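Please keep the sequence and the model in view while reading.

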Amino acid sequence: MAPKTIAIINMKGGVGKTTLTWNLAQHLFSNHDKKVLIIDLDPQANATVLGLSEEEFKEHKQNKKTIADLFINCYRKYGPFPKPKSGTIVDYKDYIFRREVSIDKQAYLDLVPSELDLSAVLKGAYIDPFMLENVLGLPYFNKYEYILIDCAPTNSILTTLSLNAAKKILVPVMADTFAVYGVELMQEVLRQHKEDFNVEVGIIGLVFMRWEEKKANQQEFKEKIVAAWGGTTFRNSIRNNDWYKIANGRRTDISQSAAHDEVKREFTAFTREFIEKTE
Ligand SMILES: Nc1ncnc2c1ncn2[C@@H]1O[C@H](COP(=O)(O)OP(=O)(O)OP(=O)(O)O)[C@@H](O)[C@H]1O
Ligand SMILES: [Mg+2]
């Protein structure tokens with residue numbers, strides 16, 4: 001069966017896209033024995049920093065490749081860089097870093113790392129807008145059940161590539177003043193994408209990140225955002241909790257932290273809802 005390829009996206013920065021991608025991938029792997037691939041499609045490479053230690057990244061770079069190599073060396077048609085040799089053979093396993101594996105459960109968590117060089121695609125290198133879709137459509141990727149694309153917070157060719165490849169999006173938002181504009185921006189991006197490529201992107205839903213139940217105006221903002229969005233919203237929100245930051249710093253997920261059980265249960269419940277909504 002083809003993998004469920006999902007872009008975690010919001011034009012707004014710092015809303016928790018990477019934290020959500022990372023924790024979700026870990027939960028799908030650990031609690032649900034899924035075969036998961038994270039694609040870091042952000043030149044900031046935050047998901048890569050979570051997935052690989054400095055030594056692991058250095059080692060990966062010696063023998064293997066990053067998403068930047070995939071775009072820049074193999075598929076660029078023209079641009080300010082030399083063209084690749086024709087007939088370049090791409091071995092997709094060269095891009096994959098295996099973060100976790102459970103042999104008895106036949107599950108794994110893999111990652112395609114990113115690096116700052118990916119920003120070359122934002123500086124004018126021409127990339128076929130369907131290139132990532134074509135790559136992920138290859139039989140090699142059929143072994144994954146979920147492919148999660150961690151997106152950068154701007155509208156660029158990277159957004160186009162991920163929307164064409166993913167066809168479905170998960171939109172983390174924070175309940176604040178900017179989020180209403182953020183979701184309107186997101187809708188505009190989806191509208192333009194449909195106009196440009198005739199691709200209708202499916203929406204899994206909005207998920208409220210860094211939710212603070214007791215904070216003034218949270219509920220009010222939520223209602224405004226949900227109304228502006230007009231689509232599905234997850235029942236489960238992810239609260240604001242420092243253990244997410246600490247877990248990120250330790251390159252683990254919330255379930256492996258010392259957070260209260262109710263914090264952990266909340267993410268478990270979100271993951272179940274995610275599976276429900278994607279099945
Ligand atoms: N639920 C949470 N509770 C507390 N802190 C959080 C939570 N989720 C994310 N954070 C913190 O918020 C900051 C931004 O999170 P993150 O990097 O995941 O956002 P992002 O949307 O991926 O950012 P960018 O747009 O730069 O890619 C980080 O410091 C992260 O540790
Ligand atoms: Mg991020």
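Strand 3 (residues 97-102) and strand 4 pair in the antiparallel sense over five bridges, where helices (H or I, at least four residues) and strands (E, at least two) are DSSP runs numbered from the N terminus, and two strands pair if DSSP finds at least two bridges between them. Within this pairing, glutamate 100 has leucine 109 of strand 4 as its bridge partner. Four residues lie between the two strands of the hairpin, in which glutamine 106 takes a positive phi near 50°.

This is a predicted model, in which local features need pLDDT of at least 70 and side-chain atom pairs count only at pLDDT 80 or more, while totals for chains, interfaces and linings use all residues. Residues are numbered from 1 along each chain as its sequence is written, and chains are lettered from A and ligands numbered from 1 in the order in which they are written.

## Strand 2 and its neighbours

Strand 4 (residues 107-112) is also joined to strand 2 by five bridges, and these two strands run parallel. In that pairing isoleucine 38 stands opposite leucine 111, and isoleucine 39 has valine 112 as its bridge partner. Strand 2 is joined as well to strand 5 (residues 146-151), again in parallel, by six bridges, with aspartate 40 opposite aspartate 150.

How many residues of strand 2 are buried? Seven of the seven (residues 35-41) are, so strand 2 is largely enclosed by the rest of the structure; a residue is buried if 20 or more other C-beta atoms lie within 10 Å of its own, exposed if 12 or fewer, and partly exposed in between, with C-beta atoms placed from the backbone. In a regular strand the side chains alternate between the two faces of the sheet. Both faces of strand 2 are covered, with Lys35, Leu37, Ile39 and Leu41 buried on one side and Val36, Ile38 and Asp40 buried on the other. Strand 4 is mostly covered, five of its six residues being buried.

## The chain as a whole

The chain has 10 helices and seven strands. Its radius of gyration is 18 Å, close to the 19 Å that the globule rule gives for 279 residues, so the chain is as compact as a globular protein of that length; the radius is taken over C-alpha atoms, and the rule is 2.2 Å times the number of residues to the power 0.38. Taken along the principal axes, the C-alpha atoms fill a box of roughly 60 × 45 × 35 Å.

Of the 279 residues, 40% count as buried. Among contacts with a separation of 6 or more, 80% are between residues 24 or more positions apart, two residues being in contact if their C-beta atoms, placed from the backbone, lie within 7 Å.

## The nonpolar core

The largest nonpolar core has 73 residues, of which Ile6, Leu148, Ile149 and Val173 touch the most other members; such a core is a set of buried Ala, Val, Leu, Ile, Met, Phe, Trp, Tyr and Cys residues joined through C-beta atoms within 7 Å. Helix 1 gives the most to this core, with six residues. Leaving aside residues up to four places away in sequence, isoleucine 149 touches Ile6, Ala7, Ile8, Ile39, Leu41, Ser162, Ala165 and Ala166.

## Around ligand 1

Ligand 1 is surrounded by 19 residues, the closest being Gly13, Lys17, Thr18, Thr19 and Pro153, where a residue is near a molecule or strand if its C-beta atom, placed from the backbone, lies within 6 Å of it. Helix 1 (17-32) and helix 9 (242-249) each supply at least two residues of this shell. The shell divides into five nonpolar, 10 polar and four charged residues, counting Ala, Val, Leu, Ile, Met, Phe, Trp, Tyr, Cys and Pro as nonpolar, Asp, Glu, Lys and Arg as charged, and the others, Gly among them, as polar.

## Residues in loops

Most residues other than glycine have a negative phi, and most peptide bonds are trans. Arginine 210, in the loop between strand 7 (202-208) and helix 8 (218-229), has a positive phi of about 55° and is buried, with 20 other C-beta atoms within 10 Å. Arginine 251, in the loop between helix 9 and helix 10 (261-278), has a positive phi of about 60° and is partly exposed, with 15 other C-beta atoms within 10 Å.
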